[in-house]
Each structure stands twice: as C-alpha cells, then as structure tokens.
Amino acid sequence: MDSLNKNIQYLKGVGPKKAYRLRRLNIETIKDLIYFIPRDYEDRSSFKTLREGVKNEKITLDIEIVGPGTINKPRRNMSILKIPFKDSSGFGNLVWFNQDYLKDKFYVGERYIVNGKFNKIGIEYQIMNPVYEKPGDSKKVGRIIPIYPLTEGLNNNDILKLINNVLNEYLKYIPETLPNSIIRKHNLMNVHEAILNIHFPRSIDIMKKAKNRLAYEELLTLQLGLSTMKNKTYINKNGIQFPFKKDVYDFIDNLPFKLTNAQVKVLQEIFEDMESKKQMSRLVQGDVGSGKTIVGIISIYKAVISGFQAAMMAPTEILATQHYESISKLLNEYDIRCELLVGSLSKKRKEEILKDLREGRIDVLIGTHAIIQDNVEFHRLGLAITDEQHRFGVKQRATLSQKGLNPDIIVMTATPIPRTLALILYGDLDISIIDELPPGRKEIETFAVDNNFKERIYKFIEKQINEGRQAYIVCPLIEESETMDINSAEELYSYLRDERFNNFSVGLLHGKMPQKEKDEIMELFKNNTINILVSTTVIEVGVNVPNANIMVIFNAERFGLAQLHQLRGRVGRGEYQSYCILINESMNPISRERMRILQSSSDGFVISEKDLELRGPGEFFGTRQHGLPELKVANLFTDMNILKIAQYDAQEILKNDPSLSSDENKMLGIKIESMFNKNPQELDY
Ligand code: ADP
Ligand code: MG
C-alpha cells in the first residue's frame, strides 16, 4: 500500500526537473499519477483506407513503405520530406515539414500503423505529420488515446508513457474500497479495470463505464465523509441557549454606521438561533463588501457579554490580522479582551495566549488555522465563526466547532453555490443571505484592455496618487518563470520601484514572504506610506483599505471570474470613485467574453453562474471554491444523478454500520480519512 504514496521522483525516468513539472500538475506521488484523469480522448482506433479519407480529418491506416524518402526545399528554412507508401486501397505519401532526420528511419517493405491528417493534392494522397508505430505496438495509434492536462515541458506522450509504466507496476496495489454488495447492486466495474479503462479504454463505452464507477466511488466517499462529520458535529444537538441582551442593541446604535436592512435581517436570524436551545449552524452568504464582518462582530459581542468565549478563523494571516484590528478596536472599549493567534508568533507569546485562553482570561480569539491546533483549548467557547469558508476544508471547520461544548457556528462566505448543490452538500446548514450593499457605494468602473494600455494606466495611477489615492497591482506569479511569458510580481515590482514610479513608494506583497514582513507592508499600505502595492492573490480575500481606489490586474485571463470579482472587491470600499483595470493578454474569444461579463455585472451571484457556464463545472469546482475535498473524477454538476444515488447509499450504509467498522466497509473508512485529511490548498502561488 505504501508504495502508492512513494514520491514520483523515485520512478525510472523522472529526475528533479520532471518531478518539478509534474508537481505543477499536482502530481506528487504514484497514486496521484494513477488518478491523473485524462481531460479528453482521441479515437485512433478506427482504421480507414486511403480511399475512405476525408480531407483534413485524422485517420489511422495500416501501410507498407514502398520507396525511399525524398526531400524538397521550396524555400529557405523549409524542407518537405515525403515517404511513399501503399495501403490496401492505393498509394500515397507520408509528409513531414522540417524533419529531414526521419528520412532514414523508414525502409522499403516495412509495415506501419500511422495516424495523421488526410490531405489530397491533385491525385496525390498525403498523410500529414503522422504518428507511427510498428503493428502490434499499440501505444500511440490503433487505439483510443488519452489526452491529459499538460504543463510546459511535458507533452502528452511523456505523461502517457509514465502512466503506462506506473500502471504496469503499481495498479495491483490499489485496493478495492467498494463493498461487494454495492458493486453487485449497481453492476460496477472493479477498481483495477476501471482505472485501466479510464486511461487506456478499449472503447468509449467502456471508458464511460469506468468513469461512472470511479465517480460513484468518489461521491460515495464524499457523502459518507460529510455525513459522519455532520453527525459528529452539529446535527440535532442541543447547544447553548444565549440569553436575550438589550446591550447588543446599544452596541449596534454606537457603531460608526447604520446597519443595512439585509444585515439587520441576518442578525435577527442569528439571534433567534443563539437564543434557542438548538445548536446554531448557519452559513452567511454575502457578496464582497456586503459587510459580513460586522455581523460576525455583533454576534461575538452577544456571546461574550453572555459569559462565553468566541473565536474567529480566517484563511490568511493578513486577513486574520485585519479582523483582529477591527474587532479589538470595537470591543476593547467594552472591556473585552481580544487576542490574535497566528503561526508566526514567538513560542513564548503563543504559550501565554494559550494559557490565558484556557483559563478564560481571553474573550475573543482571532486567528488562522493556528486556532484549531490540538493544543488550543478554550475555557468556555460559545461561538465559532469561520470567515471565507471556501478557503477551508470541511474538516478544518468541523474541528473548530469541536473546540467547545457544542458552540454555535457561523460560516461566512462570498462564494455562492447553487442552491440544489448546497442542500446536498451542506444539508445541515441554515442559510442567511446579505443581499444588499451598504449605501453610498459607487459602482466600480471596470475596464478590460490589452498590453498596449500599460503606459496609459500608469499615467492614470500617477494622477490618482497625486490626489491622495492608492493602487493595487496584482500579478499571477511571484517570480519570473523560465519559459512562460507571464508577469511576475517581483519583476514588475523592481521595474515600478526603480524606474516607472521611482518618485512614489512602491511595496511588494506575496505569500512566500515572512509574516512579519507581510504585516509591515500591509501596515505601511494602510497608513498610506506605500502608494502602490504590487501583489499576488494573497490580497484576494478580505483585505480592507478604503483609501485604495485602483485595482490593476495583469494577465487577468489567468484568473477565474469569481476570483477577479473578489480582487475587484478590494477597491470601492470607501467614499472615492474606484476603478478596476483588467489587462487581458489573451486573444482568445472566451477570455474576452469573460472580461465583458465582469465589465457588465457587479453581482457575485450572477458572475459565478456565468463563470460556471463558460468554464464548465469541472474547472469551476476543480478550484478551491467550495471547501470540499478535491474531486478527481466526479463532477458535481454533470454527475448530479450519481451524487443522489451515492447520497442514498451512504445513508443506508451508515444506518447499518455507523462507524464503518464491518469488514465490507472498512476500506471506505480509510478512504474517507485520506480524502478529508488533505490540507486545504496553498493559499498563494
Ligand atoms: P465583506 O462582506 O466583504 O467581508 P466587510 O465586512 O469587510 O465586507 O465590509 C466592507 C466595508 O463596509 C467595511 O469597511 C465595513 O466597515 C463597511 N460596512 C459594513 N457594513 C456597513 C454599513 N451598514 N454601512 C456602511 N459601511 C458598512
Ligand atoms: Mg470579509
């Protein structure tokens, strides 16, 4: 079993360089390779004869070489190699451009299976740039070829060969997790056959059957995992019954702004839950900037003045720090003690905080996932809030709520998911929606431009800074890439700091910097010492600097729409007219369409629906948008039927064997562990 978790570096033919490239495809272990699912298939299995060829269509032929190759050089820098062949229906030429070395590879009388584009010029039949192999090899032609997702420096054939080798040696170690009864009930393929046929299917029908089996297995594991976790955490549990407190309304009256109607409505829903006996588990959805934080703070206030502790967990240290600042600013004057717990604190400081927390001297703990570590003990945790829940795994969320005796739970998110799906996935969560933005917000003016506009954008930034404003510039990468032509934060930062904006103060922020440095930079940006902040997507969630009114995004085509919308939400948070400039460096029409959607809508729900439509559910849900474990085969949208069956089966299984300890179900339990225990994805590039 353990050989499956071996690092790919130990495979024959995989050196450090290849391993690095494979890692970019999220492949680290042998098992990752085995479960690296083709994104498409090319059917090279159906043979045709020359006579049956259709112009520009790829065909597979069984041929014999009938003469030596000839090379023709019609122009400088261009040579055409032709090798004559025959098949059962006639004569033709294999044709290659600028690949003279192939001339001596073929001998008269040899048989080959070839696949290439069919062409006919006058009476001459041609097969353009064919792939070829000896009959019986059956690797590249004469069968259905898997098409894998690729990255620079790795072509389809590299991956195909690797997977072929790995399957030969390691497939036998993949255990069957599905109980026999289930396999029989749905007439499923066994796991080895399914994996073989998802990579190298004997027919498209068999591939579909293989895919169904693997998708079912994944969704069953997902549903079992979610259900066990729900049962452990919140279903039907009695929770804390917080008393009604009039002080909460005084607190609200003293806020620097008036709550929106939507905020009031959601707070009422929260208060009702808090004051009832049942344990609250509520999802608060609201677009960027709709004011979720203050709703959380008011709930925290209510919990604390009722004699309980409260916790708020945020996905990045930057965001946690910012929450800490705004929460303590509001609560300190009520004699409520707030502390920040993040990974970068000194050991001594951490121990102090943990002790004070345990002994009840801290009222509110704010932090990253540092606050769900085993050594963090609360004295009397009454309310646990998770901000930007999509950035956390389901497991992290559950762990936080297990830190107290059935504390009330709020999870907040700006990423909407369709309702049917929410019901299946979060069936136990009640949902509140903040569907209104605070008044006085000006629409953010959004522009999509190409590379040629950079200088004009810089001039515009200059003008705004001279009026006192600040700008964010976001790049997709931290460092320069060897081969990709994509803007990196470091490179752009040096250029802007030393050349273009050497009269201003330019800062750099990215996820790989030490925390202390990040905090310092953020602080300098907040107090307007830094005019321009060049950054990666670390600033994507939550960051709040109302004086910043320009968001420029380089290589905008490389981000998801929902992500762009989140980034745009960093501006337009104050009184100033704000601008979002998307630099789209791709000519792709879909890319343009996506930019157009952002220009025409500022509604996160609409944008995320369109995103889904354009990118397809695979990619939409493939990214970290929902906090669920990563699915490799199943697709939450197109496999909705399988999901329903899996949900039903999961309930049946748990009814008879709630702890999954029977011989039949044991392997499912292990699979759940490995699916849910993965850490949430890295939050920065
Ligand atoms: P998000 O929902 O994206 O987390 P925040 O909670 O960060 O949004 O709120 C965005 C900004 O709006 C903050 O500066 C916050 O102080 C402000 N804000 C929140 N509610 C209101 C309100 N009712 N009126 C005016 N400003 C508000
Ligand atoms: Mg927020």
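The expected span of a helix is 1.5 Å times one less than its number of residues; helices (H or I, at least four residues) and strands (E, at least two) are DSSP runs, numbered from the N terminus. The model is predicted: local features need pLDDT of at least 70, side-chain atom pairs count only at pLDDT 80 or more, and totals for chains, interfaces and linings use all residues. Residues are numbered from 1 along each chain as its sequence is written, chains are lettered from A and ligands numbered from 1 in the order in which they are written, and side-chain values use heavy atoms, with hydrogens and water left out.

**View 1. Helix α9 covers residues 292-305.** At 1.5 Å a residue, the 14 residues of α9 should span 20 Å, and the end C-alpha atoms are 21 Å apart, which agrees. Because twelve of the 14 residues are buried, α9 is largely enclosed by the rest of the structure. Buried means under 20% relative accessible area, exposed over 50%, and partly exposed in between (1.4 Å probe, protein chains only). Among the buried residues of α9 are K292, I294, Y301 and K302. G307, with a positive phi near 95°, follows the helix.

**View 2. An open sheet of seven strands pairs in parallel.** The strand order is β11-β12-β10-β13-β14-β9-β15. At the edges lie β11 (338-341) and β15 (430-434), each pairing on one side only. On average, neighbouring strands of this sheet are turned by 20° against each other, direction ignored. Two strands pair if DSSP finds at least two bridges between them; β10 (residues 309-313) and β12 (residues 364-367) run parallel and are joined by four bridges. V364 in β12 is the bridge partner of A310.

**View 3. Helices α10 and α11 accompany strands of the sheet.** Helix α10 (residues 317-331) lies across β10, β11 and β12, running at about 175° to β11. Helix α11 (residues 347-358) also lies across β10, β11 and β12, at about 135° to β11. Contact means heavy atoms within 4.5 Å. Axes are lines fitted to C-alpha atoms, for helices over the stretch in contact, and angles run from 0 to 180 degrees between N-to-C directions.

**View 4. Strand β7 (residues 124-133) has pairing partners in β5 and β6.** Seven of the ten residues of β7 are buried. Strand β5 (residues 90-97) runs parallel to β7 with three bridges, and V95 has M128 as its bridge partner. Strand β6 (residues 111-121) pairs with β7 in the antiparallel sense over eight bridges, with I113 opposite E133. Two residues separate β6 and β7 in a hairpin, and G122 in the turn has a positive phi of about 60°.

**View 5. S79 in strand β4 (residues 78-87) makes a polar contact with D100.** S79 counts as buried because its relative accessibility is 5%. The side chains of S79 and D100 are joined by a polar contact of 2.6 Å. A polar contact is a pair of N or O atoms within 3.5 Å; within protein, one must be able to donate a hydrogen and the other to accept it, and residues adjacent in sequence count only if both atoms are side-chain atoms. Leaving aside neighbours within four places in sequence, S79 is in contact with residues including W96, F97 and N98.
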